Amino acid sequence: MNDSIREQLSALSDGELASDSARFLLKRLDHDPELGETWERYHVIRDCLRRQQSLAPPDFSAQVMAGIEADGLPGLARRKVATGRGRNLMNWLGGGAVAAAVAVVALLSLRPIGAPETLAPQGSLASVETVTTADLAPAWRLSPVSDRQAIVVSALPSQSELDGYFMQHAEGSASSGQMGVLPYVQSGAAKPVIGVECESSQAC
Amino acid sequence: MLNRMPNRCRPVLTALVLAGTFEAMAADGLSWLRQMQQAQRYSTVEGVAVYAHDGRIDAIRILHQPGPDEQGQFANLGGDRRQLLRSGDQVLVQMEGATVGAWPAFARFESADADHVGKLYDVREIGKDKVAGLEAVVVLAEPRDELRFVQQIWFDRASGLILGNVVLDQRRQPLEQVMFTTVRTSSALASGALPEAIPERATQASSIALNLPAGFMFVAERRDNYRHLDQFLLTDGLALVSIYREARPAPTQGDFASRRGAVNLYGRQGADLRWVAIGNVPLPTLRELIESNAGP
């Protein structure tokens, strides 16, 4: 494997690879075990780097307020009323979401025929720290069920895998509509997911 | 209700929805659930909600427009600034500007009705409150068995939309809370986003035989071909559970568990398959689900 391929892998990992190149690389990933291993290593490295970030930034409140005020996305109240039924994401969200919509199109268009229909959540979507209940903030008392979880033995499924389960479940739950849009809120939650390993099914 | 109406009657009910007269229609807790499911199909929602869990708070900015071409953006305003985008039948996850995941959305499906909820929970209105400046009705749903959590739900008195909820364990200790801090709603109909007619509920079957906990029903499934993963969605009308079956050989077998707020996860790694159950129910409910489907 040459350096050019490695650079492309790194760019793909960061979401910065052009769509044509990404299409080619994803197709090659399906058939090249060595390339696949390198791809996984890049994500392990990225996971490790991201885990060095603090769980809760001290200026969280300021970030929230700044996010609300500085968010360049036009709100529903500010956008023009569209008359057509088929309004698309670009008309609706605008701003940064336009780029997101483009990314959707690019992502979908780069799927080769016969290739998988979906991409798994990649990289570290959230830091999933293995902790015991003693590490939790005292303001939140845990149920008896939760207390019995505090058995940390060995490796869990990876953080990104666990987070993928949580995120897909939240998004899927929102599709049911039975709790309104609230499950979508949970799909956007970043941290933490508390992971524990059970010695046996009885231990959990 | 609406989907069974003749087309000529729908504008009438729609007008009622827009007039915001749900209070008169919702005589009890179950009625609020029924009205909410209708209301959210007609209302665009913009706002910020906080998700308190495990001693932490996430603030999520919400833009959501229902309809057959459902659109939505759900962005975390702090931390890693992840956001989930919904555009029609596609879902996209971004973090700090980079796309990190994508998958197809579930096809539209009908969930359990309120009458079914009434068999499993004692649902009643317990008071009034104010959320994000809106008058709210508070409804408590207490399960009749140990398979479920207690839920307390805030409904907008005017629109019937859900404004927040708290999930409590069997000892009435809070596990998580989601609540709007600011919210603005408007009619999706006014902007041309007509609601999709939901087909009559039919008895659905999963592509594989599943043993379900009492009171739960299978409602939808999807396949992630990239991960060789099947996701089956189950509900009792309030609680939602996903069970994943993933082709994932592993040299080490065993069980694992995880949790975020009221959402528990229980998994079993076998030699060739990994089973994972996840949902806002007690962990033993998930463990039984795994044991009855994955085997020892």
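**Exercise 1.** Describe how helix H8 of chain A is placed against the strands of chain B in this predicted model.

*Solution.* Begin with the helix, which covers residues 159-176 of chain A; helices (H or I, at least four residues) and strands (E, at least two) are DSSP runs, numbered from the N terminus.

Residues are numbered from 1 along each chain as written, while chains are lettered from A and ligands numbered from 1 in the order written. Because the model is predicted, local features need pLDDT of at least 70 and side-chain atom pairs count only at pLDDT 80 or more, whereas totals for chains, interfaces and linings use all residues, and side-chain values use heavy atoms, without hydrogens and water.

**Exercise 2.** Work out which strands stand at the edges of the sheet in chain B.

*Solution.* Write down the order of the eleven strands in this open, antiparallel sheet, E6-E5-E4-E3-E2-E1-E11-E10-E9-E8-E7, remembering that two strands pair if DSSP finds at least two bridges between them. Strands E6 (98-104) and E7 (121-131) each have a single partner strand, so one side of each is left without a neighbour in the sheet.

**Exercise 3.** Describe the pairing of strands E8 and E9 of chain B.

*Solution.* E8 (residues 134-143) and E9 (residues 150-156) run antiparallel and are joined by six bridges; in this pairing, Val139(B) stands opposite Ile153(B) of E9(B).

**Exercise 4.** State how many helices and strands chain A has, and what share of its residues is buried.

*Solution.* Chain A has nine helices and one strand, and of its 204 residues 52% count as buried, that is, under 20% relative accessible area (1.4 Å probe, protein chains only), with exposed over 50% and partly exposed in between.

Key:
Contact = heavy atoms within 4.5 Å. Axes fitted to C-alpha atoms, helices over the stretch in contact; angles between N-to-C directions.
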